[in-house]
Amino acid sequence: MEKFVYLFHEGNGNMKETLGGKGANLAEMTRIGLPVPYGFTISTQACNAYYDAGKTIPSIVESQLLGALSTLEEKMGKKLGDPENPLLVSVRSGSVFSMPGMMDTVLNLGMNDETVVGMGKLTNNPRFAYDSYRRFIQMFSNVVLDINTFYFEQLLEETREEKGYSADPEMTAEDWREVIEGYKGIVKKHTRKEFPQDPKEQLILAINAVFNSWNNQRAIVYRRLNKIPDHLGTAVNIQSMVFGNMGNDSGTGVAFTRNPSTGEHVLYGEYLINAQGEDVVAGIRTPQPIQTLKDEMPAVYKQFAETCKRLEQHYQEMQDIEFTVERGQLFILQTRHGKRTAQAAIRIAVEMVEEGIIDKKTALLRVDPDQLNQLLHRRIDDKYERTLLAKGLPASPGAATGQVVFDADEAEELGNTGKKVILVRPETTPDDIHGIVAAQAIVTSRGGMTSHAAVVARGMGKACICGCDALKIDVKAKQFTVKEKVINYGDVITIDGSTGEIMLGEIPMIEPQLSDEFQLLLAWADQERKIGVRANADNPEDAGKAFEFGAGGIGLCRTEHMFMDLKRIPIVQKMILAESYGERKEALEELLPMQQGDFEGIFEAMQGLPVTIRLLDPPLHEFLPDKEELLVEVTKLQILDPASPELKKKELLLKKVRQLDEYNPMLGHRGCRLGMVYPEIYEMQAKAIFYAAAKLADKGMKVQPEIMIPLVGHVNELKQMRQLVIDSAEKVQEETEKQFEYTIGTMIEIPRAAITADQIALEADFFSFGTNDLTQTTFGYSRDDAEGKFLQNYIENKVLADNPFAVLDQDGVGKLVEMGVRLGREAKPTLKTGICGEHGGEKTSIDFCYKTGLDYVSCSPYRVPLARLAAAQATIRHESNKKEVYTTA
């Protein structure tokens, strides 16, 4: 018989696929003897069986569930629904991958009109019992019965005001009884049924609700964002309750074994006295720093600190721990690998190596390459004056500027139009996930460093400030006030998530600097990786940044970007509009020294490392004015000033634009096809490269130019263009009396080139796979049209797993790359191969490139650190079946 339900002592930490992350960790902590409230886990397989059965718990699962419940009752000496000695349980989700706040939880399950009386007698604390009951009704009604929490909060607020109270702890048992009756009335009004009193019915309904929450909107958005598969399902953890709201010797909290923002090796977290766990993470009350627990409950703090150390040593990883203290006794409710900023991830990984907890390879695998983008973003420039509005808790580092919005839907709407917004809320909830994704940063007036907003923002690498109670937010009026200052919807603010400061207006930012730990981690990565990392750079500034970030060369220098300079456009247009070879040659001679200067600057910045230069690629019409705009200008002049000399000039320009106009320019007269028809253009570029090489040879500097012929589809194109480059090199060497080394290759970006790679390799020293165009030509997608019109729909509806322009399509485009490498090396074993599309900076694509045997990847300068780390991770993961790869790049 298939097993669907596991008591905690029956599982272990290696059963995440079955028990979910939370269940596996509860089982593991039980196994190693930590004080975990006992319980059992309903498996992820049961969740899938529930959906297969049409959202019904199958009888075999219910039978095992009731058996496990009986064992739990026996172990605890309590019974669910027993008026004299009731067992109360929590019902929590627990997916394979951590999804904080995305699914549902029910606490205090088992409370009803009878058990609440029994709890009051047993604890000699009726106020606690009725407080727990009202919490259960509110949470159960929201999660299971789908009644908005607002109605309950509104009634509670009205009751407090009526009685003159300022906070919940002032409420008496009698007050809570009154609230409970009001809560029951809300339930009856919205469901037309009484609040369920049978604890077993409550349990089944709660389990259904947790299973259903796997497919709620926020969970779906979170999974899509974090690439978590939909088929995994969630486990359900049923655990005996312990209570942090039994008086001043009780409390609850969340703590990290190291600071998740900075990585500092200190206990970091918060707790509340006389509260339940939801009070901390929901941000309803602003909690106390964990260090003050040392004064409040010294023995508990000592035990907790020792437990934290033990858990970190056991898991060899920074832990995020939920705990409750019930009448002076510590209980550990959950542990999981703590989410952290990129800065913290790097520091923790490096320091754990230095502390002997993990080795260097493990440290490299601990840092997500995508997170490194956080460290390469700008920060506020201290030289500029700041108008400080308020200061809150620095929940997630980084800085951002944007227009204030107060609603997640508005944040998403404005963010999708390209506007930069900062989401300001009293507190965020999991339902705000789409607005958080769209916003530059998040600010809340309530909640602490472990509130929903803080945890989610840190995971996304967004700046966040929490608990800024100086902000008086009026969501309806779309404004917040700080003392006398009013900030309205649409006003611009700047926030610093590292300091908690909120400032008025826009403040200039400066470029980031890499920490010593970051540099050390990347040095370890370079020692491990067996694939080179280059950068795409088109000017000396970008080349310098690439060198600074550790690029091993330039993998793609797009020469057309040099032509786009405003001072050069008239000369480029003169070259395009030339009616004869002589006129064209004259314009090209003007461009040659400009190009030469560009190449000299790039070669100098790269200090002898290889530089791959792609000869002119785009169609010529891109350098001319827009046809429609030009037509309007010509028409106006024909009407208003027909004798104008400007008219003749523009009519001539319009005629040329029409001549160059193409139905499908991306598949038209571009790339090597330009060189074939106008060889003088490629000759000028080749000479500029070689003159630059000769000039630097004069200075005693080594250069390694690699000339790349774009858009080759037939070997004869490359053969002819290769000879042109060789002839140009010989002329420059003869003229300058300087010798220099160079190689000639091609970009593989057309399927035919990959299919006939064995023929093309005979004329090439290297292949560079241009996977942006190769993706377009393989899928038959125009990138701009696809991304703007239907690609997002394809991804949302699971037609495609990812945007193929962002993540390499390994099953289709990848097969062409594999074929190109294999055929090319069969014809020429020394053939060097690389990739220079945007995929060169994406971690899964880099892993594919390593497996395929490419020599290097090339990406934008700011993604070079990411690529260095991802390349090391690919090497480590696949080291058991290493293949020979070239490391000359």
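Is Cys308 buried or exposed? And once that is settled, could you go on to the other cysteines and the helix contacts around them?

Author: Happy to! Please keep in mind that this is a predicted model. Cys308 counts as buried, because its relative accessibility is 3%, and the cut-off for buried is under 20%. Cys557 is buried as well, with a relative accessibility of 0%. As for bonding, the cysteine sulfur closest to that of Cys557 belongs to Cys836, and because 12 Å lies between the two, they are too far apart for a bond. A search through the whole structure likewise turns up zero disulfides.

Another cysteine, Cys47, takes part in a helix contact. Helix 2 (residues 44-52) packs on helix 8 (residues 199-213) at an angle of about 90°, their axes 10 Å apart, so helix 2 is roughly perpendicular to helix 8. Helix 2 brings Ala46, Cys47, Tyr50 and Tyr51 to this contact, while helix 8 brings Asn208, Phe211 and Asn212. Sorted by class, five of these residues are nonpolar, two are polar and none is charged.

Among the contact residues are Tyr130, Arg134 and Ile137 of helix 5 and Trp176, Ile180 and Tyr183 of helix 7. By class, this contact has nine nonpolar, two polar and five charged residues.

Note on methods
Residues are numbered from 1 along each chain as its sequence is written. This is a predicted model: local features need pLDDT of at least 70, side-chain atom pairs count only at pLDDT 80 or more; totals for chains, interfaces and linings use all residues. Side-chain values use heavy atoms; hydrogens and water are left out. A disulfide is a pair of cysteine sulfur atoms within 2.5 Å. Buried means under 20% relative accessible area, exposed over 50%, partly exposed in between (1.4 Å probe, protein chains only). Contact means heavy atoms within 4.5 Å. Helices (H or I, at least four residues) and strands (E, at least two) are DSSP runs, numbered from the N terminus. Ala, Val, Leu, Ile, Met, Phe, Trp, Tyr, Cys and Pro count as nonpolar, Asp, Glu, Lys and Arg as charged, and the others, Gly among them, as polar. Axes are lines fitted to C-alpha atoms, for helices over the stretch in contact, and angles run from 0 to 180 degrees between N-to-C directions. Angles under 35 degrees count as roughly parallel, over 145 as roughly antiparallel, 65 to 115 as roughly perpendicular and the rest as oblique.
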